[in-house]
Amino acid sequence: MSRARQPPLVTGISPNEGISWTKVTIRGENLGTGPTDLIGLTICGHNCLLTAEWMSASKIVCRVGQAKNDKGDIIVTTKSGGKGTSTVSFKLLKPEKIGILDQSAVWVDEMNYYDMRTDRNKGIPPLSLRPANPLGIEIDKGRFPQKDLEALFPGMSADFTSENFSAAWYLIENHSTTSFDQLKTAVVNLKKQANKKNEGSLAYVKGGLSTFFEAQDALSAIHQKLEADGTEKVEGSMTQKLENVLNRASNTADTLFQEVLGRKDKADSTRNALNVLQRFKFLFNLPLNIERNIQKGDYDVVINDYEKAKSLFGKTEVQVFKKYYAEVETRIEALRELLLDKLLETPSTLHDQKRYIRYLSDLHAPGDPAWQCIGAQHQWILQLMHNCNSLLHSPMLDLDSDVRPSPIGHLSQTASLKRGSSFQSGRDDAWRYKAPQQVVFVEKLTKLVVSQLPNFWKLWISYVNGSLFSETAEKSGQMERSKKNARQRQNDFKKMIQEVMHSLVKLIRGALLPFSLREGESRQYGGWEMKSELSGQWLTHVIQTVRLSSESLTALEIPNDMLQIIQDLILDLRVRCIIVTLQHTAEDIKRLAEKEDWVVDNEGLTSLPSQFEQCIIHSLQSLRTVLDCKPGEASVFQQQKTQEDVCQISIGIMQVFIDCLEQLSTKPDGDIDTAHLSVDVSSPDLFGSIHEDSSLSSEQRLLIALSNCRYLERHTFLNIAEHFEKHGFQGVEKITQVSMESLKELDQRLFEMYIEFKADPIVGSLEPGIYAGYFDWKDCLVPAGVRNYLKEALVNIIAVHAEVFTISKDLVPRVMSRVVEAVSEELSRLMQCVSSFSRNGALQARLEICALRDTVAIYLTPESNSSFKQALEALPQLSSGTDKKLLEELLNKFKSSMHLQLTCFQASSSAMMKT
């Protein structure tokens with residue numbers, strides 16, 4: 001079952017005020033699911049549903065109707081949500097009366113004005129009744145509410161054509177802030193307007209129409225009187241008087257006839273002059289037409305007219321024509337200067353440059369405008385590059401601001417630069433704030449060059465092949481002269497391109513590789529505050545940017561020798577990126593010591609070797625795009641010095657990790673944070689010492705480090721060497737050899753340190769234990785079994801076994817063999833120091849030596865066997881079978897009584913020995 005929809009809610013209306021029939025846009029929530037769902041819409045209480053147009057659930061468009069309320073809510077009613085509410089309101093304004101000359105954004109219906117004199121409608125022009133501004137001064141609409149004015153002047157109006165016109169209301173509404181002096185001026189204007197009504201025939205007729213009616217009546221009365229007077233010539237009659245007047249008029253006309261003929265002759269001569277002007281009006285009007293066409297930008301018309309005038313009047317001897325033709329030449333010279341200024345003006349599109357060059361060639365401009373334009377473009381590109389550098393050095397730099405003179409979108413205008421569109425990748429704006437200034441600078445600089453250089457190159461190509469000139473220039477031989485000039489200036493243009501390339505490369509070097517510049521160049525192109533060197537990731541990004549720029553410039557078919565300097569820059573950036581990445585990798589590896597948690601797995605390893613290997617692999621993978629050679633690029637390891645530097649840094653990385661291992665394993669116990677230390681629960685722990693103390697001793701850390709060293713030697717270093725070879729590194733054998741030697745040295749130092757910790761106490765307890773209780777080999781009782789000192793020594797050896805076995809089973813044979821060697825060597829020394837043995841003393845000594853030898857038999861080495869042999873040789877030989885039998889019985893008794901303790905030496909003996 002569907003959940004009922006929420007009632008409509010209107011949250012906005014635009015505009016929020018207006019007159020009737022104003023089109024408004026209503027916005028809100030839940031305004032219906034469709035046009036059929038909308039069943040009601042009222043604004044200020046007026047139903048607007050008929051004009052409503054449902055756009056979406058959040059938008060409705062309609063027109064405001066005529067409502068009684070001045071201000072009200074917007075209520076939307078839908079089938080699905082019912083009657084809604086509104087958080088905004090609409091204010092209905094009263095329409096103002098608009099004069100015929102007032103500006104209005106809406107259509108004003110024309111109406112017949114009412115003639116107040118005749119009480120009837122007339123189609124007379126409204127200007128005589130409703131001037132736009134009768135006072136002739138600036139109108140300043142006051143802020144007085146219309147309601148207050150209506151209350152103040154009941155029954156009156158501010159319309160000066162109304163019978164109830166109120167001057168006070170009009171002044172308050174339109175001139176409330178006008179000064180008294182301005183009002184005096186308004187009075188003068190009113191008087192002038194009254195006088196102007198009598199000026200002009202039409203105004204006179206309109207203003208004195210009643211007078212004309214009276215005149216007509218008078219003439220009609222005269223006509224009637226003449227008819228009554230008759231035709232008799234009575235002296236003093238009106239007819240006689242009229243005859244006299246007509247006679248005088250005839251005489252006057254005859255007198256004036258000669259003057260009229262004279263004026264006719266003058267008119268004929270003037271007409272002939274006008275015919276001449278009409279015939280040659282092209283030349284006489286040409287200066288003015290040139291000026292007008294220049295202002296409109298119709299340069300083609302000007303050039304055509306000039307060519308026509310030059311062919312017709314260029315060699316005329318008529319002074320008038322010479323004068324006007326000289327004026328034409330003056331205007332054309334000004335046009336040449338104007339076009340040259342526009343040509344050299346920057347920025348400018350390639351289309352405009354070609355057009356201005358063609359105009360100048362058609363106007364036979366002196367010099368070589370095309371080459372001047374190429375030089376100006378060259379200087380402008382250089383200036384933009386240096387301006388970009390200076391702007392990015394500003395401490396108040398807004399990294400999101402665009403220092404380019406024109407959008408980089410120009411790249412898409414050229415089919416040969418389609419690769420350039422890759423610069424327009426849709427990055428988030430926040431990227432610019434995160435990126436270092438040097439990276440932003442390289443982005444902007446390369447985009448600037450790639451956007452401006454194509455037009456510069458195409459302009460040169462057009463200059464070389466003569467496509468800049470029109471057919472007129474081709475016929476005049478100007479094209480051939482231009483091609484000849486282009487051939488002579490090829491070296492100059494090549495220097496221009498090289499200067500742009502050198503500036504681009506040096507600016508980038510100044511930002512990223514300042515050490516590669518000379519001292520003078522560093523001051524000019526450098527000056528960056530190198531708080532910290534760019535990381536390998538940013539350098540990789542910069543390399544990609546420069547590569548894209550190189551590809552875009554190569555697409556222009558610019559010779560490779562001009563672009564070689566960019567390839568050299570890319571190579572240096574690649575080398576620097578590799579070195580910086582490896583250096584940062586060494587720093588990251590140095591910090592791996594902080595991540596050591598001492599959690600041991602079944603093989604006695606912590607996560608440190610794996611973290612080290614992953615760190616190296618991640619670093620090499622981040623360099624994959626840098627190490628790969630793009631078309632035209634050389635191998636990054638082609639130089640011997642680069643190979644040696646990378647090899648040394650790689651060796652240094654391995655050594656850093658080895659030093660990290662040594663630091664962790666030899667650090668005093670107080671310097672180790674043991675709050676997070678633990679051992680994998682799956683590892684056997686015979687004595688539970690690690691779990692009981694919840695911390696690792698220095699001896700246990702030594703064992704873990706030894707286990708890690710063993711794994712590094714057998715797996716990690718070999719894997720890393722494979723990755724080095726896979727990524728094309730040189731000297732991998734040297735890296736591996738030096739690293740292995742250093743690792744083995746560390747392993748041996750740690751091993752000797754551990755043996756010293758464990759074997760010395762056991763060895764040191766032998767001599768005091770042998771001679772405890774004033775024992776004397778010359779005077780002792782018949783042996784009853786192995787004495788306690790040997791048992792204690794075995795228990796200590798077993799404890800060492802347990803500790804090593806807990807950390808790493810693979811280390812047990814190596815450690816136990818060395819401990820047994822130390823104990824056997826000490827025991828041999830003690831036996832050889834005894835001057836003589838009694839029969840019982842020799843039997844006791846043989847029992848203890850054989851018990852120890854048989855117990856640790858699986859860990860015996862040639863050295864320990866030799867020590868036991870020397871110890872037995874120092875004893876007298878058993879002379880009787882009784883002694884041999886007693887010795888065997890005591891040995892069996894010893895092994896039986898300590899069977900449980902000696903199990904660790906037998907349970908996995910075969911596996912241990914194989915290892």
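Reader: How many helices and strands does the protein have, and what makes a run of residues count as one or the other?

Author: The protein has 31 helices and 13 strands. Both are DSSP runs numbered from the N terminus: a helix is a run of H or I with at least four residues, and a strand is a run of E with at least two. The model is predicted, so local features need pLDDT of at least 70 and side-chain atom pairs count only at pLDDT 80 or more, whereas totals for chains, interfaces and linings use all residues. Residues are numbered from 1 along each chain as its sequence is written, and side-chain values use heavy atoms, with hydrogens and water left out.

Reader: How do you know that β1 and β3 pair?

Author: Two strands pair if DSSP finds at least two bridges between them. Strand β1 (residues 9–14) and strand β3 (residues 23–29) are joined over five bridges, in the antiparallel sense, and G12 stands opposite R27 in β3.

Reader: What makes β6 and β10 edge strands of their sheet?

Author: The open sheet has five strands in the order β6-β7-β3-β1-β10, with mixed pairing. β6 (53–56) and β10 (85–86) each have a single partner strand, so one side of each is left without a neighbour in the sheet.

Reader: Why is strand β8 described as mostly covered?

Author: A residue is buried under 20% relative accessible area, exposed over 50%, and partly exposed in between (1.4 Å probe, protein chains only). Six of the eight residues of β8 (residues 71–78) are buried. β8 pairs in the antiparallel sense with strand β4 (residues 38–43) over five bridges, G40 standing opposite T77 in β8. β8 also pairs with strand β11 (residues 89–92), over three antiparallel bridges, where the bridge partner of K71 is K91.

Reader: How do you know that β8 and β9 count as paired?

Author: β8 and strand β9 (residues 82–83) share two antiparallel bridges, and the bridge partner of T78 in β9 is G82. The two strands form a hairpin with three residues between them.

Reader: Why is C44 called buried and N30 partly exposed?

Author: C44 has a relative accessible area of 3%, so it is buried. N30 stands at 23% relative accessibility and therefore counts as partly exposed. Phi of C44 is positive, near 55 degrees, although the residue is not a glycine; C44 is in the loop between β4 and β5 (46–47). N30 likewise has a positive phi, about 55 degrees, without being a glycine, and is in the loop between β3 and β4.

Reader: What makes a set of residues a nonpolar core?

Author: Its members are buried Ala, Val, Leu, Ile, Met, Phe, Trp, Tyr and Cys residues joined through side-chain atoms within 4.5 Å. The largest core has 193 residues; M385, L453, M501, I566, F612, M831 and F905 touch the most other members. Helix α19 (residues 560–590) gives the most to this core, with 16 residues. Apart from it lies another core, of 18 residues, among them L31, C44, C48 and I74.

Reader: How do you know that E633 and R547 form a salt bridge?

Author: A salt bridge is a side-chain nitrogen of Lys or Arg within 4 Å of a carboxyl oxygen of Asp or Glu. Between E633 and R547 the distance from N to O is 2.9 Å, so the pair qualifies under the limit of 4 Å. The two residues are 86 residues apart: E633 is in the loop between α21 (624–627) and α22 (640–666), and R547 is in helix α18 (residues 536–554). Relative accessibility is 13% for E633, which counts as buried, and 4% for R547, which also counts as buried.
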